[in-house]
Amino acid sequence: MGDEIDLSGDGGVLKQIVRRAKPDAIAPSDDFPVVDVHYEGVLAEDGKVFDTTREDNLVFSFELGSGSVIRSWDIALKTMKVGEVAKLTCKPEYAYGSGGSPPDIPPDATLIFEVELVACRPRKGASVGSVSEDRARLEDLKKQREIAAAAKEDDKKKREEAKAAAAARIQAKLDAKKGQGKGKGKGKSK
């Protein structure tokens with residue numbers, strides 16, 4: 001077993017790797033937020049098993065960060081790779097807190113889980129390609145908006161320059177007429 005890693009920074013979520021994943025194994029990500037796990041949970045106080053997927057060999061699936069599991073799991077599973085098995089020690093503030101989860105988990109219970117990350121996958125209805133394509137489409141839209149905004153700004157500058165040039169031409173004509181008018185008047189008086 002590996003050394004304990006303090007994932008929460010305050011000793012609230014400790015992880016000890018029991019079995020490492022293969023180096024090229026995938027990890028949960030924005031593209032793969034749904035995880036499938038096998039686990040067994042015991043009370044740190046007396047070692048009593050309060051929940052397990054091992055008896056019926058079913059996996060437990062959930063989306064990371066959705067609030068559907070205890071906080072320690074959201075923290076720990078993000079650090080795991082498919083195939084990895086880890087022992088998680090979860091203080092009450094990262095588990096069920098002062099209320100516990102009656103009847104199996106008493107108030108202020110520290111929990112120990114052995115968790116195996118079996119798989120990571122995209123959200124239902126999304127494929128990795130569609131998630132990546134959506135991101136690319138959003139980036140393209142952002143670029144198009146930036147280009148359109150820049151073009152609009154350029155058009156505005158050109159209109160302002162054209163207005164200024166037209167005003168300058170009109171002023172020049174007015175000034176020229178004033179100058180001609182003075183000269184004509186002097187010529188007639190002679």
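Guide: A residue counts as buried when its relative accessible area is under 20%. This is a predicted model, and F113 in it has a relative accessibility of 3%, so F113 is buried.

The wider setting comes next. Over the whole structure, a search finds eight aromatic pairs. In one of them the ring centres of F50 and F113 are 5.6 Å apart and the planes stand at 85°; since an angle over 60 degrees counts as edge-to-face, the pair is assigned to that class. F50 belongs to strand β4 (residues 49–52) and F113 to strand β7 (residues 111–121), so this pair ties together parts that are 63 residues apart in sequence. F50 has a relative accessible area of 14%, and therefore it is buried as well.

Another pair is made by F62 and W73. Their ring centres lie 5.9 Å apart with the planes at 40°, so this pair is tilted. It ties a strand to a helix, because F62 is in strand β5 (residues 60–63) and W73 is in helix α1 (residues 71–77); the parts joined are 11 residues apart in sequence. F62 is buried, with a relative accessible area of 5%, and W73 is buried at 4% relative accessibility.

The two pairs belong to one cluster: ring pairs link Y39, F50, F60, F62, W73 and F113.

The largest pocket has a volume of about 210 Å³. Its lining comprises 13 residues, and those nearest the pocket centre are Y39, F50, D51, Y96 and F113.

The side chain of E116 makes a polar contact of 3.0 Å with the side chain of R19. Apart from neighbours within four places in sequence, E116 is in contact with R19, D36, V37, H38, R54, E84 and V85.

Terms used
Residues numbered from 1 in each chain as written. Predicted model: local features only at pLDDT ≥ 70, side-chain atom pairs only at ≥ 80, totals over all residues. Heavy atoms only, no water. Phe/Tyr/Trp six-rings, centres within 6.5 Å; stacked < 30°, edge-to-face > 60°. Helix = DSSP H or I, 4+ residues; strand = E, 2+ residues; numbered from the N terminus. Buried < 20%, exposed > 50% of the residue type's maximum accessible area, 1.4 Å probe, protein only. Polar contact = N/O pair within 3.5 Å; in protein donor to acceptor, adjacent residues only side chain to side chain. Contact = heavy atoms within 4.5 Å. 1 Å grid on protein atoms, 1.4 Å probe; cavity = no way out; pocket = protein on both sides within 12 Å on 5 of 7 lines; lining within 4 Å. Points joined across faces, edges and corners; volume = space filled by probe spheres on them.
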